[in-house]
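Subject: Structure for you to look through

Dear colleague,

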Amino acid sequence: MSDMKLYNKLLLIIFVSLLSGACTQDFLDVNEDPNRAVEGNITAKLVLPQALLNTANRVGTSYGFLGHWLGYWCPSANYAPNAEEQTYSITTNFGAGLFSGIMDNTYDYQFAEVSATRDGQDFFIAVAKVMKAHNFCMLVDLYNNVPYTEAMQGLEYVRPKYDDGKLVYEESLKQLDAAVALLKKVTAAGGVDAVQGASDIMFGGDEKKWIKFANTLKLRYLIHQSARSDRQSYITAEIAKIVAEGSGFLGSGEDAAVAPAYTADKPNAFYASYGFNVAGNQATDFVRANKTSIDFLKLNGDPRIGYFYKPAVSALPANAAEPFKTEAPAQFRGNEYGRPIDNSTFPYQIANYVSQVGGVSAAGAITGASTGLVKGYNQRVWVMTSVESMFLQAEAIQRGWLPGDKEAAYKNAVRESFRWLNVDKSASAADAAFNSWYTQQDENNNGNVSYADAADKLKLVLFQKYIAMNGSNHLEAWTDYRRNGAFPAIPLSINPGRTSTTLPVRLLYPQREYDLNTQAVTAVGTINQFTSKIWWMN
Amino acid sequence: MKKHLLVLLLVAGVLSFGYAQRTITGKVTDAVGEPLIGASVLVKGSTTGVVTDLDGSYRLETPSGTVVLVFSYTGFSTKEVTTSTSNVIDVVLEEGILLEEAIVTALGIQKQPREVGFSVAQIKNEDLTQARVTKLQNGLVGKVSGLNVSTVNNGIGADTRIVLRGIRSLTGNNQALLVVDGTPMPLGFISSINPNDVENVNVLKGANAATLYGPEGVNGVIVVTTKKGDSGSKPQITIGNSTLFERVSFLPEFQTRFGSGSSTNAFGDGIYDPIENQSWGTEFNGKPIQIGQVTEDGKVQEIPYTYLPDEKFNFWDLGQNIQNDVSVKTGDKNSSFFFSVQNVGIRATMPGDKANRTTVRLNAAKTMGIFNVGMNFGYAQQVTDRTTSGNVYWHVVNSPGHIPLTAYKDHLNDYWSNVNNYFNDYYPNPYATIYNYRQDNRNDDFFGNVVVGIKPTKWLSITNRLGYNINSYFEHNINRNILYSDYAIHHRSFASSGEQKASVSDYNYFYTRLNNELVATTEHNVGKLNIKGLLGNLTRQTFSKGTFVSGGNLVIPTLFNVANRTGEPGASSTFSDARLSSVFGSLTLGYNNLLFVELTGRNDWDSRLPADNRSYFYPGASASLIVSDLIPSIAEGKLLSSLKLKGAYANTGNVNVGTYSLQSTFSQAGGFPYGALPGFTADNNINNPLIKPETVKSLEFGAEFAFFNNNVLFDVAYYKQNNNNQVIPVSISNATGFTSALLNAAEFNNWGWEFDLKLLPVIRLGDFTWEVSTNYTFNNSEVLSIYEGLNELGIGNTSFAIVGYPAFVHKLKDWLRTPDGRIIIDPLSGYPQQNPVNTIFGNTNPKHIFGLNTDFTYKGLALKVVAEYRGGNYIFNQIGQDADFTGVTKLSGTNGRQRFVFPNSAYSNDGGKTYINNTDIVIKDAHYSFLQASAFRAVQTNYYSSAAFWKLREVVLTYNVPAKLLGGGRYVKGASVSLVGRNLLMFRPKTNEWTDPEFSNTTGNAIGLTSLGQTPPTRIFGFNVNLTF
């Protein structure tokens, strides 16, 4: 029996030791995440490249529906129509990804700003501020009143209130001023640190370009409110600040555009969306040319037609049945937006018989000879193009906000579009092409092109801006259309279910906001996509 | 029963008159004369007793005079014998009737039913496996109350959802815990168990039954006990074969009038389109018609323009399921041995999909004096070859009615079936899809446990159970190269993106779980008080690692290796490491074998929780009272034989927190890194460093009645669970910068009734007997709160938790309706109008489940039938919404696509003040532009239906070959032949035109949705032969 007692003791010892072992902290401290990064090991440097790319991809590829509405692009007849988009009877689900995507992206800038402030990185703080201003103004241009003062605070404000669109604009402009001041401080301190510069995929750590970009953004948002007579004194004061600052705006060849190390397998999003897939074939049979822009370009004999668009893959057979006549040159064809698909009566509205988004004819890297919109898998994707900057300056000069030669500024802007598209494969050839086309149209007294012949010079600038914005920033084109009183006249969708005689002037707040932030969003009032204007509209 | 009271008085009298002694000896055997070792012999009303020895013999000192001896043995009915003058009492015990069978509760503790204060149900092997299921869980369906096993899809590797007593967590896990031979296992392991190896399954229905498991047991427990060799039996060898066939049982209802097209002419009639996948064309007319484009060779395919009714049905193969089984069991006085091998070969209804599972099991145990050692080893290997395309059913369904779909099987050789010439310009040949997107996977499951026990004294036993489980899973996915001719690239829509390069991805997953339990139990009698104590410790370590690699653009199109690629490979890996320590104990007090009270407590330390609050204590209590023993007079008549009352309460947690869920995280965004440039983005969920477990307070009451000499058994139980501090990712405004935040919020109640009624023989006429058992479960819930300022929580699909409603309800897009429910139309166009605000509809979880089991036996013949009803829930048939897009469904043929008055509609001429019944305004255009391109399809209520069904789950006709035909059982001891059918019939409401509503999308909580990603329902039939040597 003594053996038995020994067993008992032994077992008791084992048992007690197991029980006591149960509670040791070390055994349980295995909850450090081995899979994902956490706040403690993330800095602005790791977040900004991704955030910049995200913003550029949104500008470059997220506004296809506006391309349809504004007459640039049109779906091919390979796809069943999107009734909601084509009838303008949009719902609270339409474009909801824009609201969530922009907010999500803006949080990364917010985090970068906080993190850079903690680490004393002025350059990163400034970059984050510029981009936040850009994103919030983009939200206003889509939705008018949006959360701002309580936004981006995580659990602090789970249901952020909506702020007046005008306030968001004014606060954003202040942030741009603050960013410029910080960037000047960086210059004074000897420029951007090389390590920081390496993660600036926009300007490679050139803080002076960031200042120009900030100034150009300010100009953009001032021009957005140009139609509001009650804003003139504000505009004058803000312009004066930009002029006083002295760095000027993005000039010819200066895109605010990003380019991480794209490869053939990881091409840029614009190229992948509208150019070529990884196998080297056409990326989309959905996005095709719209008859409206095709007709405008043909009407003005504009050589850029072959750069905004590509010739159709398959030639239209002789006497092919068409729902409308295609003017010469017939290899450039567009579809009519909203036309019900009837492939048995009109079999040539499918993808291969309609022009694609313009660009190089074969997949590959960008070269000096790459032309059009789609230039190569490693082309930069823009947040703002030099073409837009030049048109903003031309408009400001035309309006007398900035000093300068009005006609020259206008012609420089249009010429910049030729250069940007690399017409005839080089900058000098593009200039020559512009000059010969402009001279010819001038001789033809074409008031749609020639400054001298235009009855309304401002409208000429705006019309040519509309032409030039094709494919590069449809949101800005929509904003121009809205602030200028539905100019230029663009044919509406011919979908029989269309419910309105005007284009929508805004998007509806996403359903998710009505579900989760009900009180705040309903406090804005009932929203109608045709009548609830953006604050800067007349 | 009055007699017993008398005896008690007598015993008391005897005891009080002094301790005159008498020695009684005897032997306890079973019906065939085998000795019962360790049977208990007790002087009734006292603590005096012994157990039988290895020969079944006993020797007991009793008070002199007449006493009642109680003979009992696990699995046998208890027998009481009043002593007479003889000092030798031999007893034969009968295999027990159900009421007295020992049941297995938490930690493998066996208890007599009378001791148990909560609901436990036992299902024995013969009931589990009668219909030759390949998955154990399918054998549980319809057999006990409170249990809901749903097959969420069909086809190979289809998942099942196993839920007991409704739900306790809004967004977390609600599935039951699986315990195999005493060791808790991941639930998925249940599919790797050979059902024939299972001795029985005990279902611990609620948290109350499982308090000793702590948070893990909150959803109830499926306790699986595998077979052991019988001690003292001769070697027994069983071989069996089952051959089953599986056939698609039904498809959605289709329109049969219109062929391909996607537009209408000026008169609003469909236009025929030879290359369309959609069916919005002209009416069938039987005349020859062109399908597809003119090919490169100038050829045209021409077929009659006639509806072919069987093509979509014949697309699916006749499935096969062949099971072969061998098992051996043997044992002697001190050891037992069980060994089995099973192979299951499966060919699915999806053409070309197949799987093969082999399981091996070895269970052995040995007793050596005060020590006992046991081991259970199981190994399962399954290899599967299946298509990864979720679009096959979709491609089949949207094939226009006149297309001879099954003629395109030979897609590699046949001219009209090949990739360049297939008629459809938008979707590929489904046979080619099956071929082009494939997966080979292999799943290896090893599970073993070693049990070492010691019983140093009569009142103490200590057992250590070390369980180890390894899962290794490997998956090889290939997308084949699709090469189009140049002509096709220029002329065919689907080919316009050009060649699809071959690609490959591999996934490896490794999982281990070590689970050690040390448990000491003690039992002591003090007078009429029986005291049982238990103290235990659990240590668990779970580790998993997954690695994924992929490569696109394979250089050699037929070499599916990641190394054979251009460009960057895709690669990712995930690790998970979780640990758990627990201390638990219970104290059971039994008074006079008629009142039992059990107190339990468990403290957990869980590594997944924040360090400051990772320690949690969970108490529980239960009690049972044998009223019929307390007040024998109530069981005096013939009607009531016994009555037991029971009740239990438990306060448990539910740790629905994954590993690494405390800190907000950042991930590399898609595309990054670009060369040396990394790019991180904040993930969308705000994690919470203060998160706590959910709390579940669970209360249950019940009664067990036995009538007519234990021939009618009736159990009733009521339970209510209050579930609070739910760990939920609360959706928050995107303007916060995030989409959700992990918070402790939300509270809901969940309650229900369970009834089990057994009629042991309803009829017994000579050799004919008929038995019936039924069970009924009612379950409901109500959401009490979500989160401050938030009244609802979307949990995925169309399922929502909304305050004041059951969890969960559908929220669906509906038409605009008048206050009395009529659909508002636009008086100009006749079009009904979509309500911009989604509307709350019925619940997703069934409220009523009714199971019916009935057995008929006549001599060697037995017919067993299991039927099940589920109802009170609703389903959104997205399958209909999808299929309407292409105009193939019955609904898309409404009114022959001619203009019609929208049913049950009304309109207003005064801006909505009053409504006029619409009897004459027809829809402006009731064809394509309405049924497909308008809001009609977006309105989800068009596809909303009751999810109720009756299913004939199992029908089994067995013939047990009589011994005399087997040569007196000298070589072959038993033989049986069965005809087996499963899911032979299903009845559902007429409003459900689409599919089996049991297919509810997910093993998670967002059930109540069918889609074309699922495959059609099937019925299974075949035969089984079993031989015992």
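Predicted model: local features only at pLDDT ≥ 70, side-chain atom pairs only at ≥ 80, totals over all residues.

Helix packing in chain A

Two packed helices are described by the angle between their axes and the distance between the axes. In helix α7 (residues 122-143) of chain A and helix α8 (residues 165-188) of chain A, the axes come within 8 Å of each other and cross at roughly 160°. Because an angle over 145 degrees counts as roughly antiparallel, α7(A) and α8(A) are described as roughly antiparallel to each other. The crossing in which α7(A) passes α8(A) is left-handed. Residues that make this contact include A:F123, A:A126, A:V130 and A:F136 on the α7(A) side, and A:V168, A:Y169, A:L176 and A:L183 on the α8(A) side. Sorted by class, the contact of α7(A) with α8(A) holds 16 nonpolar, 3 polar and 4 charged residues.

The second pair consists of helix α10 (residues 207-224) of chain A and helix α15 (residues 386-398) of chain A, whose axes come within 10 Å and cross at roughly 55°. That angle makes α10(A) oblique to α15(A), and the crossing of α10(A) past α15(A) is left-handed. From α10(A), the residues A:T216, A:L219, A:R220 and A:I223 meet A:E388, A:S389, A:L392, A:Q393, A:E395 and A:A396 of α15(A). By class, the contact of α10(A) with α15(A) is made up of 4 nonpolar, 3 polar and 3 charged residues.

Aromatic rings in chain B

Over all chains, a search of the whole structure finds 75 aromatic pairs. One of them joins B:W280 and B:Y928, which are edge-to-face, with 5.8 Å from centre to centre and 80° between the planes. Since B:W280 lies in the loop between β17 (236-248) and β18 (288-291) of chain B, while B:Y928 lies in helix α9 (residues 928-931) of chain B, the pair ties together parts that are 648 residues apart in sequence. B:W280 counts as buried at 0% relative accessibility, and B:Y928 also counts as buried, at 10% relative accessibility.

A second example is the pair of B:Y616 and B:Y618, which is stacked because the ring centres are 6.4 Å apart and the planes lie at 25°. Within this pair, B:Y618 counts as buried at 6% relative accessibility. There is also an aromatic cluster, which is formed by B:F705, B:F707, B:F714, B:Y718, B:W753, B:F755 and B:Y776.

Two threonines in chain B

Is B:T995 buried or exposed? With a relative accessible area of 2%, B:T995 is buried, and it is found in the loop between β54 (986-987) and β55 (1009-1010) of chain B. If residues up to four places away in sequence are not counted, B:T995 touches B:F250, B:N877, B:I879, B:M986, B:R988, B:T1010 and B:P1017.

B:T547, which is found in strand β27 (residues 529-551) of chain B, counts as partly exposed at 25% relative accessibility. Its C-alpha atom is separated by 5.7 Å from that of B:Y507, although B:T547 and B:Y507 are 40 residues apart along the chain. Again not counting residues up to four places away in sequence, B:T547 touches B:D506, B:Y507, B:N508, B:S572 and B:S573.

Technical notes
Residues numbered from 1 in each chain as written. Chains lettered and ligands numbered in written order. Heavy atoms only, no water. Axes fitted to C-alpha atoms, helices over the stretch in contact; angles between N-to-C directions. Helix = DSSP H or I, 4+ residues; strand = E, 2+ residues; numbered from the N terminus. Parallel < 35°, antiparallel > 145°, perpendicular 65-115°, else oblique. Left-handed = near helix turned anticlockwise from the far one by under 90°. Contact = heavy atoms within 4.5 Å. Nonpolar A, V, L, I, M, F, W, Y, C, P; charged D, E, K, R; others polar. Phe/Tyr/Trp six-rings, centres within 6.5 Å; stacked < 30°, edge-to-face > 60°. Buried < 20%, exposed > 50% of the residue type's maximum accessible area, 1.4 Å probe, protein only.
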